[in-house]
Amino acid sequence: MNETLTATNLVKTYGQVHALAGVSLAINAGETVAIMGPSGSGKSTLLHCLSGILKPDGGDVRLGGADITTMSDAQRSKLRRSRFGFVFQDGQLVAELSAAENVAFPLLLAGWSRSKALAEANQWLSRLGLAEMGGRKPGEMSGGQAQRVAIARALVHKPAVVFADEPTGALDQATGHEVMQILTTVTKMSGASLIVVTHDTKVAGWCSRLIEIRDALIHADSATNQAGVR
Ligand SMILES: Nc1ncnc2c1ncn2[C@@H]1O[C@H](COP(=O)(O)OP(=O)(O)OP(=O)(O)O)[C@@H](O)[C@H]1O
């Protein structure tokens, strides 16, 4: 299945503000892409349009043959749940659920039985070095551990694309480094592509491609030397 994520001429305005002024890009399956740029340049707006959270005013976003922009809200939500994974700055785990239940959540939404979903979730937690943590609530874990749970939740349903918005923003440098190593390794292993919005050049160094946004447009798009990968 061709699951290239393609954006063509994306435009988004808020009143007088041009958040995206005609952005086109294609991200191939398996690519790891960092999006950087000054505050207010349009990074989050781009991420939200690419992931179907926000509808652009103009242009389109396609995953393979499917045009996300013209889908009904219900179709787009379904595609988001089944083909996309998300990692946010603060994990956004459900506080009342255990780590395993949080990871199992996308599988339960996809119709898996509770026992199969929890077994798969626990396998993912082991893979990410959290074998003993399945029963803990997010509040009983460190920030780095919670972010690893969020990574497992983003990948458990084998998405085509993982979107990460400042995934290390709430972590110290060493923990952030570790989280990026895990995030890039597991997305590559699963064949998904990864799109990371970040202000941190070290975080971007874990990705194979860097897209720089300035004033609502792509200013530069190039391969990185993957300095973060040792
Ligand atoms: N909901 C909104 N209503 C009005 N203006 C908005 C809204 N969301 C974003 N903007 C504006 O659109 C522009 C782009 O915002 P965006 O959040 O995409 O930038 P960013 O590059 O992600 O910034 P940061 O690095 O500070 O998070 C900014 O001028 C911002 O103020």
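Visitor: Hi! Before we get to the sheet, when do two strands pair?
Guide: Two strands pair if DSSP finds at least two bridges between them. Keep in mind that this is a predicted model.

Visitor: Good to know. So what is the strand order in the open sheet?
Guide: The open sheet has four strands in the order β2-β1-β4-β5, and the pairing is antiparallel.

Visitor: And which strands stand at the edges?
Guide: Those are β2 (17–27) and β5 (66–67). Each has a single partner strand, so one side of each has no neighbour in the sheet.

Visitor: How many bridges join β1 to β4?
Guide: Five bridges link β1 (residues 5–14) with β4 (residues 58–63), and the two strands run antiparallel.

Visitor: Nice. Switching to helices: how many residues does α4 have?
Guide: Helix α4 has 14 residues, numbered 114–127. From first C-alpha to last, α4 reaches 20 Å, close to the 20 Å expected at 1.5 Å a residue.

Visitor: Which residues of α4 are buried?
Guide: A117, A121, N122, W124 and L125 are buried in α4. Down the helix axis, the buried residues of α4 fall within an arc of 160°, so they line one face.

Visitor: What do they pack against?
Guide: The buried residues of α4 pack against α3 (99–109) and α5 (143–155).

Visitor: And which exposed residues sit on the face turned away?
Guide: S115 and K116 are the exposed residues there, on the face of α4 turned away from its buried side.

Key
Residues numbered from 1 in each chain as written. Predicted model: local features only at pLDDT ≥ 70, side-chain atom pairs only at ≥ 80, totals over all residues. Expected span 1.5 Å × (residues − 1). Buried ≥ 20, exposed ≤ 12 C-beta atoms within 10 Å, placed from the backbone. Arc of directions from axis to C-beta. Contact = placed C-beta atoms within 7 Å.
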